[in-house]
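Please open the structure in a viewer and keep the selection panel at hand.

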Amino acid sequence: MIASALRADKDRVRVICPDVGGGFGPRGHVNPEFIAIAWAAKRLGRPVKWTSTRNEAFSSDWQARDVVLKGELGVMADGRINAYRLTVLGNIGAHTICFAPPANSSRLITTVYDIAAASLDIRVYLTNTLPVLPYRAAGRPEIHYAIERLIDMAANRIGVDRLAMRQRNLISRASMPFKTAMGLTYDVCAFEEALDKVCELIDWDGFESRREDARSRGRLRGIAVAPFVETPVGAPFEMARLEIGADGDTTIYAGTQVHGQGHETTYAQVVSDLLGIPFEKITLAPGDSAKLPIGGGTHSDRSMRMVGTLLHEISGDIIAQATPVAAKLLQAEVDDITFSNGKFRVGDKGQEVTILDVAATFSEFDGESRFLRSTAEKQGRISAFPYGASAAEVEIDPETGELCLVNCCIVDDCGVPVNPMIVEGQVHGGIVQGVGQALGECLTYDSETGQIVSGSFMDYMMPRADQFPSFKVASVHIPTEGNPLGIKAGGESGTVPALAITGNAVMDALSGFGISHVDMPFTSNTIWKAIQHAER
């Protein structure tokens with residue numbers, strides 16, 4: 001992108017990118033400042049450095065999730081959904097950067113439900129706001145929010161239990177693979193199992209006693225549950241390289257970018273498992289376009305699927321390269337050599353050498369000093385459908401509108417988890433990012449001047465740890481056949497259902513006032529005003 005803007009050949013532009021901290025989408029595209037400083041450095045013939053201030057970030061960085069949703073649900077008397085119509089009015093900002101959020105919306109409107117007839121009208125608008133870019137789970141939280149709100153409203157309207165209505169309309173595991181009305185084909189999803197499991201975690205059946213307890217304390221309590229499914233896609237290309245030195249030090253080069261996801265751990269685990277190299281001898285090189293010319297970046301839950309698949313291919317090639325050397329070391333024929341559990345063996349004789357033994361000899365095997373190395377590149381996406389179910393309980397003080405999230409549970413299926421601890425950490429962070437939007441994150445503009453009013457963290461609510469309870473997290477692990485490691489994805493599951501469970505829990509708590517809708521974010525002021533209006 002920089003080379004194109006500067007009308008330069010790509011090999012004249014080098015991007016070095018170490019671990020730079022969280023991105024979650026807005027760092028996936030080139031900002032105008034990157035072009036300006038490169039141009040200035042070229043003109044001046046000296047380095048030019050620039051650091052954004054916080055105020056500059058609020059007024060010029062790409063922002064996310066600005067959409068109005070209008071939906072209609074057709075239901076039978078028993079709660080069966082037979083039709084769904086959705087209109088999405090999306091703001092793209094002052095100029096277009098990316099259409100990923102509405103594109104993701106277009107594929108997923110029926111989410112986990114077996115709805116035969118669906119209609120979607122998407123309109124995207126240019127306005128005077130900051131450009132809108134993908135943000136964690138781009139487009140998917142909004143779509144789940146729309147259908148889950150409608151299900152709760154429909155269940156209340158026709159007098160059907162809202163949990164039972166969801167269970168009645170879920171796509172069954174027996175019908176997999178299942179093609180939705182929007183053309184997606186889910187491979188292996190156990191929606192019912194995830195929903196049942198999250199209801200156990202949150203003790204759905206015992207909620208009414210907790211509601212009564214809250215009422216005795218002058219509080220309003222609400223609960224919500226939402227099954228969900230993701231459609232992570234992302235850039236349709238990726239590249240990786242592996243180098244094993246004579247001393248056994250192993251370096252992974254990957255076209256993804258580290259900003260907190262733990263790639264340096266999980267990629268090393270995959271290589272260690274496939275090749276038997278000790279984990280502590282494996283490192284992940286920082287991003288550098290001079291060392292790896294192609295990369296798809298870190299977004300859309302793609303990193304482990306794409307790079308894991310490439311590392312699997314690379315490991316096979318490394319083994320193929322190393323086998324003749326292993327045969328020489330073991331004084332055997334190449335065809336007699338097998339590789340398993342990190343070791344080359346000759347039949348049943350017990351003789352064996354490791355990949356590191358081979359690497360130490362490999363540099364001299366053909367008379368040249370060189371690494372044992374392999375590079376792989378992929379064009380095209382690897383489809384996956386992570387899914388799960390989430391639930392939340394909130395308490396509201398009707399005198400002030402203050403909202404407290406008192407319980408939050410999630411069950412997800414990321415396929416085969418390479419590192420369960422990292423997956424759980426991703427889930428925790430995803431919940432906070434999603435619920436943070438529902439509770440207070442919002443850019444506010446002056447209606448006359450267009451000036452940003454919430455231009456600092458004095459005015460913009462940043463989610464904090466003391467706003468959240470300890471999360472209850474559980475998993476369902478069903479490997480996908482879409483890639484050799486059986487990975488679906490684990491980075492966005494906490495975010496996808498967060499708006500739905502928060503919004504429905506708030507509406508459930510306020511149902512006694514006859515309130516059926518409050519716009520996000522659910523600030524104490526917004527809730528208090530809704531209660532005051534209802535009481536009048």
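The lining of the largest cavity comprises eight nonpolar, four polar and four charged residues. This and every other value in the tour is computed from a predicted model.

To find the place, select D66, V67, G90, P101 and P102, which lie nearest the centre of the largest cavity among its 16 lining residues. The space in the largest cavity amounts to about 150 Å³. A search of the whole structure for cavities of 30 Å³ or more returns one.

Next, colour β3 (81–93), α4 (100–108) and β4 (118–126), the elements that each give two or more residues to the lining of the largest cavity. Which element supplies the largest share of this lining? The answer is β3, with four residues.

The view contains 14 helices and 18 strands. The radius of gyration is 26 Å, close to the 24 Å that the globule rule gives for 536 residues, so the protein is as compact as a globular protein of that length. Along the principal axes, the C-alpha atoms fill a box of roughly 90 × 65 × 45 Å.

Contacts may be displayed next. Of those with a separation of 6 or more, 74% join residues 24 or more positions apart.

Of the 536 residues, 50% are buried.

How values were computed. Residues numbered from 1 in each chain as written. Predicted model: local features only at pLDDT ≥ 70, side-chain atom pairs only at ≥ 80, totals over all residues. Heavy atoms only, no water. 1 Å grid on protein atoms, 1.4 Å probe; cavity = no way out; pocket = protein on both sides within 12 Å on 5 of 7 lines; lining within 4 Å. Points joined across faces, edges and corners; volume = space filled by probe spheres on them. Nonpolar A, V, L, I, M, F, W, Y, C, P; charged D, E, K, R; others polar. Rg over C-alpha atoms; globule rule 2.2 N^0.38 Å. Buried < 20%, exposed > 50% of the residue type's maximum accessible area, 1.4 Å probe, protein only. Contact = heavy atoms within 4.5 Å.
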